[in-house]
Amino acid sequence: MTDSNETIVMTGATGFLGSHLMAALVQRGDRLIILGRPQGTRPLRERVDALLASLGATPKKHQVDVLEADFSDPSCGLNWHQYAGVCLKATHFLHCASDTRFSETNRLASIQTNVRSLASIIELARRSRAAYFHYVSTAYVFGAETSSCPEAPVIAARHANVYEETKAWAERDVAEECSRLGIPYTILRPSIVYGDSRTGQATRFTALYHHVRSLSAIRDIYLKEIRELGGEKARRHGIYLDADGTLHLPLRIHLPRRGSVNLIPIDYFVAAVLAVLDRPDSDTIYHLTSNRPVSMEELACYCERFLNIRGIKVHYGPAPEGFAPNPAEALFDKFVEPYRPYLSDIRNFERRHTDVATEGIDPPELTYDVFERCMAFAAGANWGR
Ligand SMILES: NC(=O)c1ccc[n+]([C@@H]2O[C@H](COP(=O)([O-])OP(=O)(O)OC[C@H]3O[C@@H](n4cnc5c(N)ncnc54)[C@H](OP(=O)(O)O)[C@@H]3O)[C@@H](O)[C@H]2O)c1
């Protein structure tokens, strides 16, 4: 890329992954057309400018065009003049926008955004004679029972939620439509993404952050009760402050089986995507995943150390008969319920295509230092609230 005649049309630039990708593309000089939506009365242009500024990217004049779009409309919500302008300039498409909610109550919206909207975006790519259509999917398009996940289309899978289901469905539609229309495409499948491993920065705090924030909220409830009300309730739940100030917080986490959590930092995600954009292989799937997923025990240790608590125990297999969670455990269970399928994951991701395309760019390990940097940034940003 960075060829002076090339322009990338990007969706999802206001999201976590998209904002970091947009900033990196701007920094290396790519020309962009951002298609997105306003937030209430806040225009898209203002949102994009604020994100670029927060990520330290300063676009040159005319480097970033911003168009408010509606993908449910066959013309993407663009007027004739805007549509023709995109067709004239666009050479590549990077489709990052997605409804990322897991809840079944959002089924219709998820299908609309993740599947139905593809038709208008791919049609725009066709009319633009785009050289490539890059689709950001997820590594979790294979069902949770699949231990070996190839960089290949999903044939059949039992999905954990509507998000996974619609992403797998979208992959099939992207492959079919792009093949039918003669548009070369790639499918990029990241695993779970957290902040920048070097700076800790992130623009949204979901997934891994959600667990740590939940634990931090539970800790704060008990700390407040101990400090302000004498801690009688906490003591009844076996919770107390040690002499060194550590909160003893017994929390048993029951998981169906031993597995791991596949996490990659946003800087790796961005570097890997840029490498694929530079050397794409037509009709190819890439797993942007870690070679060393972390175990729940490691994550529990990291959380204990970061939050200055102790007492988290991970148990595998069904909870013993008559098991009654204490209030802290019940609260934690409730908070993390949607993410449960990802905590004891047995999926292994093949990375043959990725290794070739991203030679020399390796996913860094999630060490405690990296974890601390990212969580300190998130806590400093009040977990995005
Ligand atoms: N985060 C991860 O760990 C992760 C892991 C694997 C795969 N992915 C994939 O990576 C991509 C980006 O994820 P993310 O974490 O950055 O998600 P995100 O933070 O939730 O951002 C989603 C983006 O999609 C846009 N969007 C959602 N619904 C839309 C609609 N109806 N019309 C137009 N735009 C819409 C959002 O716009 P607004 O800002 O206007 O809402 C936002 O720009 C997605 O395809 C996701 O499936 C993410």
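1. Helix H7 (residues 208-229) packs against helix H11 (residues 327-336) at an angle of about 150°, and their axes are 10 Å apart. The axes are lines fitted to C-alpha atoms over the stretch in contact, with angles running from 0 to 180 degrees between N-to-C directions. Helices are DSSP runs of H or I with at least four residues, strands are runs of E with at least two, and numbering starts at the N terminus.

2. Before going on: this is a predicted model, where local features need pLDDT of at least 70 and side-chain atom pairs count only at pLDDT 80 or more, while totals for chains, interfaces and linings use all residues. Residues are numbered from 1 along each chain as its sequence is written, and side-chain values use heavy atoms, leaving out hydrogens and water.

3. H7 and H11 are therefore roughly antiparallel (an angle over 145 degrees). On the H7 side the contact (heavy atoms within 4.5 Å) includes His210, Leu215, Ile218 and Tyr222, and on the H11 side Pro327, Leu331 and Phe335 are among the residues involved.

4. Now valine 66, which sits in strand S3 (residues 64-68). Valine 66 counts as buried because its relative accessibility is 18% (the cut-off is under 20% relative accessible area, with a 1.4 Å probe and protein chains only).

5. What does valine 66 touch, leaving aside its neighbours within four places in sequence? The contacts are Ile34, Leu44, Arg45 and Val48. For arginine 45, 21 residues away along the chain, the C-alpha separation from valine 66 is 5.9 Å.

Conventions: Angles under 35 degrees count as roughly parallel, over 145 as roughly antiparallel, 65 to 115 as roughly perpendicular and the rest as oblique. Buried means under 20% relative accessible area, exposed over 50%, partly exposed in between (1.4 Å probe, protein chains only).
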